[in-house]
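Here are my notes on the model, as numbered points. Please read them with the structure open.

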Amino acid sequence: MEFKIRPMNSTDLPDTLSWRNDPEVRKTSITNDIISAKEHEAMFLYNNAIKLIFEVENKSCGYIQISVDPDTKKGEWAFHISNKYKGKGLSTIMLSLALYYLKEKYEYKEIEANVKVDNKVSIHLHSKLGFKCQYERDRLYYYTKKL
Ligand SMILES: CC(C)(COP(=O)(O)OP(=O)(O)OC[C@H]1O[C@@H](n2cnc3c(N)ncnc32)[C@H](O)[C@@H]1OP(=O)(O)O)[C@@H](O)C(=O)NCCC(=O)NCCS
């Protein structure tokens with residue numbers, strides 16, 4: 001199987017909007033409102049986060065967004081996988097490739113994540129990838145990993 005990480009482009013807007021508005025993704029997000037196509041497009045155009053697409057056999061199936069701090073070289077990420085591709089262990093491959101991409105292409109030194117305390121899958125994934133939980137606040141675990 002061929003796996004790839006690439007930058008998001010405007011042709012990804014319909015897929016990424018439907019993934020973003022999926023009830024399970026909204027439940028695990030910090031902001032959980034449904035967003036419109038216009039709001040989604042504005043975020044794509046004007047929010048300066050790095051936005052990456054994960055492909056399996058040339059099919060888009062996941063999204064990773066990393067907030068940018070060019071001074072500290074620390075980034076905070078959030079991610080999801082399309083429902084069609086869930087439960088197959090693909091997130092470990094997606095996130096491992098993304099960590100490599102962020103280190104090599106953007107020279108990131110550290111990745112951070114805020115994970116809801118009831119998001120068992122994400123907690124498992126962050127531990128498996130070597131993230132360390134630094135503290136809990138407001139029902140969020142704050143994870144970091146040095147690259
Ligand atoms: C998190 C997400 C990307 C994982 O996708 P996935 O690859 O389909 O997840 P999988 O079902 O393959 O499970 C991944 C791992 O979690 C484990 N897992 C699944 N359910 C679990 C549970 N209830 N408790 C602990 N671990 C669990 C799986 O066994 C698997 O472990 P392994 O890879 O070591 O074998 C996906 O569920 C998603 O998009 N969720 C909504 C958005 C989200 O939560 N993003 C993270 C925000 S910080």
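1. Start with the ligand. The residues of the shell around it divide into nine nonpolar, nine polar and five charged. The shell counts 23 residues, and those that come nearest are Thr28, His80, Lys86, Ser91 and Lys120. Bear in mind that this is a predicted model.

2. Which elements each supply at least two residues of the shell? They are helix 2 (23–28), strand 4, helix 4, strand 5 and helix 5 (120–128). Helix 5 gives the most, with six residues.

3. Now the overall fold. The protein has five helices and seven strands. Along the sequence the pattern reads β-α-α-α-β-β-β-α-β-α-β-β. The radius of gyration is 15 Å, close to the 15 Å from the globule rule for 147 residues, so the protein is as compact as a globular protein of that length.

4. Some overall figures follow. Along the principal axes, the C-alpha atoms fill a box of roughly 35 × 35 × 30 Å. Buried residues make up 20% of the 147 residues. Of the contacts with a separation of 6 or more, 54% come from residues 24 or more positions apart.

5. Take strand 1 next. Strand 1 (residues 3–7) runs antiparallel to strand 2 (residues 50–56), and five bridges join them.

6. Ile66 has Trp77 of strand 4 as its bridge partner.

7. Is the pairing of strand 4 with strand 5 parallel or antiparallel? The two strands run parallel, and three bridges join strand 4 to strand 5 (residues 110–116). Glu76 stands opposite Glu112 in strand 5. Between these strands the chain passes through helix 4 (residues 90–106), and this β-α-β crossover is right-handed.

8. Strand 4, helix 4 and strand 5 form the right-handed crossover. These elements are also among those that each supply at least two residues of the ligand shell.

Methods: Residues numbered from 1 in each chain as written. Predicted model: local features only at pLDDT ≥ 70, side-chain atom pairs only at ≥ 80, totals over all residues. Pairing = 2+ DSSP bridges. Helix = DSSP H or I, 4+ residues; strand = E, 2+ residues; numbered from the N terminus. Right-handed = clockwise from strand over helix to strand, strands pointing away. Near = placed C-beta within 6 Å. Nonpolar A, V, L, I, M, F, W, Y, C, P; charged D, E, K, R; others polar. Rg over C-alpha atoms; globule rule 2.2 N^0.38 Å. Buried ≥ 20, exposed ≤ 12 C-beta atoms within 10 Å, placed from the backbone. Contact = placed C-beta atoms within 7 Å.
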